[in-house]
Amino acid sequence: MAKKSALNQALLSGDEALARGAYEAGLSVACAYPGTPSTEILETLAGFPEIDAQWSVNEKVAFEVALGAATAGARSLFACKHVGLNVAMDPLMTASYTGVLAGFVVVVCDDPGMHSSQNEQDTRWVSLYSKMPMLEPSSPAEAREFVKEAFAMSERFDTPVILRMTTRIAHTKENVTIGERQVPERPAFERNAAKYVMVPGHAYQRHILVEQRLVKLKTLAERTRLNRVEKGDGKIGFITSGVSYQYLKENYPDASYLKLGMSYPFCDDKIRAFAKSVKKLVVVEELDPFIEDHVKSLGVKVVAKDPSFRIGELTPELIPALVAGKAKQEQKVAKRKPRLCPECPHWASFAALKKIDAYVAGDIGCYTLACLPPMSALHSCLCMGAGVTFHEGWRKGAPGKCIVGVVGDSTFVHSGITGLINAAYNRTKGVIIILDNSTTAMTGGQQHPATGLTIRNEPTKKLVLEDLCRACGADNVDVVDPKNMVEFRTILEKRVHEDALSVVISRHPCKLLRR
Amino acid sequence: MKDKVYSITFGGIGGQGVLKASEICSWAALFAGYHVKKSEVHGMAQRGGSVESHVRFGKRVYSPLVPTGGADFLLCFHREEQPRLSAFLKKDGVDLTEYVEKAGQAIENPRGLNTCLVGVLSARLPIQQEHWMKAIETVFKNKGVEENKKIFLDGRKMGQS
């Protein structure tokens, strides 16, 4: 970094810039489970020796560890992709009530257009639902600035602060100014049951404070420089946020703008005043009509986007049609689809499954690509861990069929374990294959408990999957290398015909590992 | 012209060094004092799918994406990707894809193709040679800096002729 800081500017992605800003803000604990496009945040933070960074088992665990650190006095950060936040929703909703001691920032990267995701949920609704403030940068440089604001806001208002990015910001690089790290003084850790023990009586009192906090945050939203008015010629005015702002500036340099850097709670007075200052008002936002619905609820007349624009990512050339209120013209050009690497061990596992003509309950990872022709050997993908639980459900719903569940090693540790315990407990029979390539391959090869290495590649306690599966209640646990195709197929065929719950660990390391 | 934003679309498939090429270009523009935005998509792309990276630089850049019909230059490393990506080119934009074959013949190590093509591109951009050299040092760190500088200069010569 020496060379870059001499210049005081570096070319950083949104993820890297956010990590840099958090480091400069004195961040001390950071937790995440990998997920595109958020993965590089923790990878960058792990490069700073002052920060206690970890790959957590899953997002719920990550959120709780980070929040715990914040409630004990350390500035902390949790990062995830949009669907990862679903896994952490349980602690998140009540964290709004407990608040924090030191700053706690929840970073969520949405993926409009689903570059690498199973849905395109709009996380802005979570801020409304959880009654917590949300900041939304429009560029990597803003990501660095906003995360600092988020820490200050979190401490001032005693609340976690959600910082929402999208793929296009997380994976865009731009010039980012590098600053020094400043560590604020740690507040003293004290027992405070009324604040941190959320039994009904305490929680009722905290809920009162949450509603009061929301009122104070609304006042802040009116004043903050994050919600910026740019005066133009007054003919057309845009209320916008995130990367949409950049596309608009490209198309309408002379228009007026109300750029919302704080997307929740809303700055109602500012919105009304801005609406009065322009002849025509248009809300431009990716995905759901989050701003639009609110502006309409204020009784302000606004040009709404056609519902077709709620789907997919915006691009600069789509903007004129959107602003004109027209429907989206899909320009579908066939892209080369991703596929499993030629030497990938998953090919052999799926070849064996194809041979026995199995209905394969799938999961999330590289191996999801086995659903594509010519393999077409994976038949479901819902969420993390559902390969194990869909297996059980399918067996109940379609008895007599040859049903096999598959799940990756990292995904199994993330949320497959509970499903396996459930299967054993409820006397489910059948075969679960753990496709163990000894890494979190899809997101670029991150460590997890079963690799025995930390985020910094240091040795640590290694989770032994075969022991774990036996403890969960599997009757048989076989460990086989799928590249030994005959042996693998023989074991698989034997197990599917048995009246037992079997786990076959298909173990062969990913070729991309530690290149 | 002073406020002109230069837009370049890089494309190819996973493993061809598309992202590295756009990275060199972006650092060079940064060292030359421009505001740069570089857009890319990771994740599934590394599994052999289409890879696309947009670089834009100038006094002030807004959109990280090159709009359709907005690229000054197209640098496509894979022939099958070229028809799709050519939609990005401006009417008077320059398609440098024809250099892929030429560069492939000129270099000894096929892994240097991306650096060579950046050299070709460099001949047409308002960025001085020293900034390109510094960019190569930054991107390759200690692995193959000298080799890549040489390949880059060969490409630059090719682009100038």
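**Getting to know a two-chain model**

Colleague: Let's start with helix α14(A): which exposed residues sit on the face turned away from its buried side?

Modeller: Keep in mind that this is a predicted model. On the face of α14(A) turned away from the buried side, the exposed residues are Asp293(A) and Ser297(A).

Colleague: And the buried residues of α14(A), within what arc do they fall?

Modeller: The helix covers residues 290-297 of chain A, and its buried residues are Phe290(A), Ile291(A) and Val295(A). Looking down the axis of α14(A), you'd find that they line one face of the helix, because the arc they fall within is 120°.

Colleague: What follows α14(A), and what is its phi near?

Modeller: The helix is followed by a glycine, Gly299(A). The phi of Gly299(A) is positive, near 80°.

Colleague: Further on there's Gly312(A); which residues does it touch?

Modeller: Gly312(A) lies in the loop between α14 and α15 (319-323) of chain A. With 16 C-beta neighbours inside 10 Å, it counts as partly exposed. Asp357(A) is 45 residues away from Gly312(A) in sequence, and the two are 35 Å apart in space, C-alpha to C-alpha. Leaving out residues up to four places away in sequence, Gly312(A) touches Pro112(A) and Gly113(A).

Colleague: Let's zoom out: how far apart are the centres of domains 1 and 2 of chain A?

Modeller: Chain A is assigned domain 1 (2-223), domain 2 (227-323) and domain 3 (346-507). Taken over C-alpha atoms, the centres of domain 1 and domain 2 of chain A are separated by 25 Å.

Colleague: Which element gives the most to the side of domain 1 of chain A that touches domain 2?

Modeller: There, 24 residues of domain 1 of chain A are in contact with 22 residues of domain 2 of chain A. On the domain 1 side, the elements giving two or more residues are α7 (124-130), β6 (134-135), α9 (167-170) and α11 (200-223) of chain A. That side has 12 nonpolar, 5 polar and 7 charged residues. With 5 residues, the element giving the most is α11(A).

Colleague: Where are the cis peptide bonds, and what is omega for the one between Pro373(A) and Pro374(A)?

Modeller: One of them runs from Tyr264(A) to Pro265(A), with omega near -10°, and Pro265(A) is in the loop between β12 (262-264) and α13 of chain A. Pro374(A) is in the loop between β14 (359-361) and α17 (386-397) of chain A. The bond joining Pro373(A) and Pro374(A) is cis, and its omega is about 10°.

Colleague: Is Lys131(A) exposed, partly exposed or buried, and which is Asn457(A)?

Modeller: Neither is a glycine, yet Lys131(A) has a positive phi of about 60° and Asn457(A) has one near 60°. Lys131(A) is in the loop between α7 and β6 of chain A, while Asn457(A) is in the loop between β16 (430-436) and α19 (465-472) of chain A. With 18 C-beta neighbours inside 10 Å, Lys131(A) counts as partly exposed. Asn457(A) has 11 such neighbours, so it counts as exposed.

Colleague: Which element of chain B gives the largest share of the side that touches chain A?

Modeller: The contact takes 26 residues from chain B and 30 residues from chain A. On the chain B side, α1 and β2 (35-40) give two or more residues. By class, that side has 11 nonpolar, 10 polar and 5 charged residues. The largest share, 6 residues, comes from β2(B).

Colleague: Which residue in β2(B) is the bridge partner of Thr172(A)?

Modeller: Strand β8 (residues 172-177) of chain A and β2(B) run antiparallel, joined by 3 bridges. In β2(B), the bridge partner of Thr172(A) is Ser39(B).

How values were computed:
Residues are numbered from 1 along each chain as its sequence is written. Chains are lettered from A and ligands numbered from 1 in the order in which they are written. This is a predicted model: local features need pLDDT of at least 70, side-chain atom pairs count only at pLDDT 80 or more; totals for chains, interfaces and linings use all residues. Two residues are in contact if their C-beta atoms, placed from the backbone, lie within 7 Å. Helices (H or I, at least four residues) and strands (E, at least two) are DSSP runs, numbered from the N terminus. Ala, Val, Leu, Ile, Met, Phe, Trp, Tyr, Cys and Pro count as nonpolar, Asp, Glu, Lys and Arg as charged, and the others, Gly among them, as polar. Two strands pair if DSSP finds at least two bridges between them. Domain bounds come from an automatic or database domain assignment. A residue is buried if 20 or more other C-beta atoms lie within 10 Å of its own, exposed if 12 or fewer, and partly exposed in between; C-beta atoms are placed from the backbone. The arc is that of the directions from the helix axis to the C-beta atoms.
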